[in-house]
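Hi,

Here is the structure I said I'd pass on.

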Amino acid sequence: MIPKRIDSIRFEVLSPQEIRRMSVSKIITPETYDDDGFPIEAGLMDPKLGVIDPGLRCKTCGGKAGECPGHFGHIELAAPVIHVGYAKLIAKLLSSTCRECGRVLLRDSKKEEFISEIERRKQLGQEYENVVKEVFRITKPIKKCPHCGADQFDIKFEKPTFIYEADHRLTPKDVRERLERIPTDDLLVFGLDPKAVRPEWMVLTVLPVPPVTVRPSIILETGQRSEDDLTHKLVDIIRINQRFIENKEAGAPQLILEDLWELLQYHVTTYLDNEVSGIPPARHRSGRPLKTIAQRLKGKEGRFRGSLSGKRVNFSARTVISPDPNLSIMEVGVPLAIAKELTVPIYVTPNNIEEAREYILRTEHPRANYVIRNDGRRIRVLDLNAEEIAEKLEPGWIVERQLKDGDIVLFNRQPSLHRMSIMAHYVKVLPYKTFRLNPAVCPPYNADFDGDEMNLHVPQSLEAQAEAKILMAIQEHILSPRFGGPIIGGIHDHISGLYLLTRGEKKFTKEEVIYLTRRLDIDEIPEPKYDGLWTGKQIFSMILPEISLEYKAEICQGCEECKKENCEHDAYVIIKKGELLKGTIDEKSVGAFKGIIIDEIMRKFGPEETRKFIDNMTQLSIRAIMNAGFSFGISDEEIPDEAIQQIREVLDEAERKVDELIEQYREENLEPMPGRSIEETLEMKIMQVLGRARDRAGNIASRYLGMDNSAVIMAVSGARGSMLNLTQMAACIGQQSVRGERIKRGYTYTNRTLSHFKPGELGSRARGFIRSSYKEGLNPIEFFFHSIGGREGLVDTAVRTSQSGYLQRRLINALQDLKVDYDGTVREQTSNMVIQFKYGEDGVDPMKSFRGKAVDVRRIMREVLGEEFEEELEVKE
Amino acid sequence: MSKIRLQDHILVPKHELLSEEEAKKILETLRLNKEQLPKIKVDDPIAKEIGAKVGDIVRVERESPTSGKSIVYRLVV
């Protein structure tokens, strides 16, 4: 087939003649099928409109079901009705044209001015809607036609299809007659193309009937036919149409005819759009609103977004994900059941025909599911016919073999917000029913294992497979284009594990070293630092490539003066030539989003080496954490009695202070802060006092928890949680808030939050301060306030996700046609218009930048000059 | 009331009108047609101030957080 290019598309309005011309049948009866189950002629299922029942032939083209695309019919409406989609435009046209002569209410010179402005903008490819709007705006209040001098009245539009002229309702017939009078030359001023539309066509006199293939009826298990919603609606229209004709012929009173006319209008309106405001939607017998034309097209599941922009695909799978730290980050564990279903095509050539034959003859997992013959016929490979197929196999056939280890697949988690949401992995077929992935690749997918599901796609063509391997592979996405730093790196246990391993001068025996390094990709173990004992730092150094770095770790306390290599917290990391000399490895070294070491390896050695490092790092860290033993329980939140006593004193004092402040406020002795009322001042001061009390209580608790507490280890190393979380568990939860204020809503009349308090009470407990810790447990009042604060958090996240999702959609739709050209300019794809003369005004690819900057001068200097540069720097500093 | 110069305001970047030769040179170096440039309206206050006519090209020089200084050209429409 020769591919054809669409040069342009023009939208027009169907004229009545056009509708009749393309119609193959005039539909007059609302019946669909006769008693024998055959479609009735001139009915809605007229065989001329195409066929859906197998066996029958189309009376127009002779095609069978599936071959015949269907053909349009038409209904002659007994009275004209307004098309809902154009109702507003019709009203605007009426109010801008003369009610007598039909010309625009503008002098000719003015009209020409507008037309030439529209032409000019069209030529420049700009929007001209504003000009048209201006025309409507200035012609609306004109009271006298400048051409024939006829008086004009106000036109009012009422949703959905009613048009009034000075309180008098215009019938669609009147409307149509007036629109007919608008001269073709005047259409240009409304931005209408005279070749595409005559305004009277917006009032329907003939209704096209879509082919049956568009509205197929389905046969239920009971043998009953169930018609499509559109057919139902068309039945209604024909019924009313016939009733109208009969009544008119019988000479029925005007009132009855008008009622029927309105009913016809209602049915045609809801046939086109069943969600217009102002009228009740047409419903199915069951009460479900009908899905009519507009509903088929509109929205997320509509034809555009649901069927054209996005579709369901073959060669894909979806299931729950779970972690497997023994996989490489570039692998994905695929359940056997899925691997047996998904296939990769082998294009048979003389060179691989034997290999293909083997797959056909196999009876176990990586076997062939289907073969596709030269003539395009697809044959299922069964034990029965395997030998026969293998015999007949010849070059040119395609053998679809099952997914096996080492195949490349695309792995995806929704919402696909950035390009790291779809990455290429290598298959590892595993038992059980979940996809398995290394937890280090969770951050780019934003995945966790609380029931998340992910999708997997198998690229079919060799081109697609090559592209996936080269462009979409995990290691190509370690650095994020968002901020130029690593997005894949250690999480949770990886960080805790390396922290435990490298902190201080821990010593390990040979057995331990062998255990820790068992899965690593290394060949030799260095000389032990102590007699037969290795340090944790030495073990970590084994997986480090030759890099040199110096930085402050996450655990850095921010001392007033940094003692650098003599840091007493072991928080100053020094790596020289791939040897960790000082400092502890934590989130800042290897964590996703931070990972300075990962960043450095990426820059110096590239993706492959970095991938190896991350693989080694995850393997080493989980063994390190298992070797050390790491657990957390309620008892870890325990603090000694003296600490509890101190916390109680701090909180008591704070409460006393709050009471004092309230006392001052009651006696009107409180000095208001600048720009605040006395009440606001009081609130702020109370919040301040209570906030400080919570912090102090937290400090007391953390002093007693100590650095060997596992929760503290997780918090300071950045593995999980924060010190705030910890102090809330151990010491005091603190103030609960709604919209940043203390909780004050409750009983309005007595002005208190709960009936347990005195009217108007302002004390800390009455406004949602929680003294207890999570470990102690909350009293009922505290619990109530806590649930109020907690609910606000939930609502906030729910609102934020929906809002940011829509924002993202709008942004993507607006930016999708932009590209960076080879000359560095940002242009629109089709028109080649320049958007930016240099991408980001500096032409820097954020992924290849160093934390947003084009070059990291310091790093290059150090690289080139080595130690000298460091010394020189030190002298200067 | 005396009229102030818009360009004196700190938030208004420097606009300047290009001569015909300059414009031609710029379009050649950028390998662009006039129509592919971003647009500025003739009735834009700043365009009025520098006396731009339809079809002229304006050079805008502004501070940029990423590159220090950025130069943009606009076609007057």
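First, a convention: a crossing counts as left-handed if the near helix is turned anticlockwise from the far one by less than a right angle, and as right-handed if clockwise. Helices (H or I, at least four residues) and strands (E, at least two) are DSSP runs, numbered from the N terminus.

This is a predicted model, where local features need pLDDT of at least 70, side-chain atom pairs count only at pLDDT 80 or more, and totals for chains, interfaces and linings use all residues. Residues are numbered from 1 along each chain as its sequence is written, with chains lettered from A and ligands numbered from 1 in the order in which they are written.

Now the helix pair. The crossing of helix 2 and helix 5 of chain A is left-handed. On one side, A:I90, A:L93 and A:L94 of helix 2 make the contact (C-beta atoms, placed from the backbone, within 7 Å); on the other, A:V175, A:R178 and A:L179 of helix 5 do. Sorted by class, that contact has 5 nonpolar residues (Ala, Val, Leu, Ile, Met, Phe, Trp, Tyr, Cys or Pro), 1 charged (Asp, Glu, Lys or Arg) and no polar (the others, Gly among them).

As for the whole chain, chain A has 27 helices and 29 strands. Its C-alpha trace spans about 115 × 100 × 60 Å along the principal axes. Among contacts in chain A between residues at least 6 apart in sequence, 67% join residues at least 24 apart. Of the 877 residues in chain A, 32% are buried (20 or more other C-beta atoms within 10 Å of a residue's own, C-beta atoms being placed from the backbone).

Cheers

Key: Two residues are in contact if their C-beta atoms, placed from the backbone, lie within 7 Å. A residue is buried if 20 or more other C-beta atoms lie within 10 Å of its own, exposed if 12 or fewer, and partly exposed in between; C-beta atoms are placed from the backbone.
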